[in-house]
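Visitor: I'm new to this one. Could you show me how to read it?

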Amino acid sequence: MAAKMVEPSSKVLWPRSPERNVTGGNQPAHEVLEMIRASKTLTLFLALSATAALVACQSDKPAEAPRPASGKSAALRNMEQVSIAAYRCWFGSKDPAFARYSFANELDSMSGRPRFLLVPKNNYGGRPLLVVQAEGASGRVDSFGPLLAEPLGSRINADLVRWSSGNDTCGART
């Protein structure tokens, strides 16, 4: 049995042929593209007109109080500042007074109290020796833990007060 050969027809329009258009009609592709562009322009004009009409109809309600641009709470903003300074001054500088401790940052706390902890070195699951946290609309920074009762406690308190007031300088080493 001999296979029958079919010769390609010159009238067949391949999918990427410039003569074939998406509507399947008799219009050339460039005319269809012009119609699409025109409809997009009309749609944009109608959307802008509707927006302008809505803006014109808005009532004169008082504006809401502006929120901070970052969307962060005061507590989080304060704790970011304090924790960065604490890490830089106590651990980044290799201060020997803090060599026995590890820094554990917990700024993403869902309790609304971002905080950081000082724990025994290489024991992140150990009992915190210092907890520094901020809370409330004022972002007040509080600290507690047994490390504050040691001689290093007065330096820690002085550093925390300085950092929470906006001064990020490091204090004197002990």
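This is a predicted model: local features need pLDDT of at least 70, side-chain atom pairs count only at pLDDT 80 or more; totals for chains, interfaces and linings use all residues.

Visitor: At what angle do H2 and H3 pack?

Guide: Helix H2 (residues 74-92) and helix H3 (residues 153-164) pack at about 135 degrees, their axes 9 Å apart. H2 and H3 are therefore oblique to each other. (Helices are DSSP runs of H or I, at least four residues; strands are runs of E, at least two, and both are numbered from the N terminus. Axes are lines fitted to C-alpha atoms, for helices over the stretch in contact, and angles run from 0 to 180 degrees between N-to-C directions.)

Visitor: Is Leu160 buried or exposed?

Guide: Buried means under 20% relative accessible area, exposed over 50%, and partly exposed in between (1.4 Å probe, protein chains only). Leu160, in helix H3, has 6% relative accessibility, so Leu160 is buried.

Visitor: Which side chains meet Arg155 in a salt bridge?

Guide: A salt bridge puts a side-chain nitrogen of Lys or Arg within 4 Å of a carboxyl oxygen of Asp or Glu. Arg155 pairs with Asp159 at 3.5 Å, N to O. Asp159 is buried too, at 2%. Salt bridges with shared partners join Asp95, Arg155, Asp159 and Arg162 into one network.

Notes:
Residues are numbered from 1 along each chain as its sequence is written. Side-chain values use heavy atoms; hydrogens and water are left out. Angles under 35 degrees count as roughly parallel, over 145 as roughly antiparallel, 65 to 115 as roughly perpendicular and the rest as oblique.
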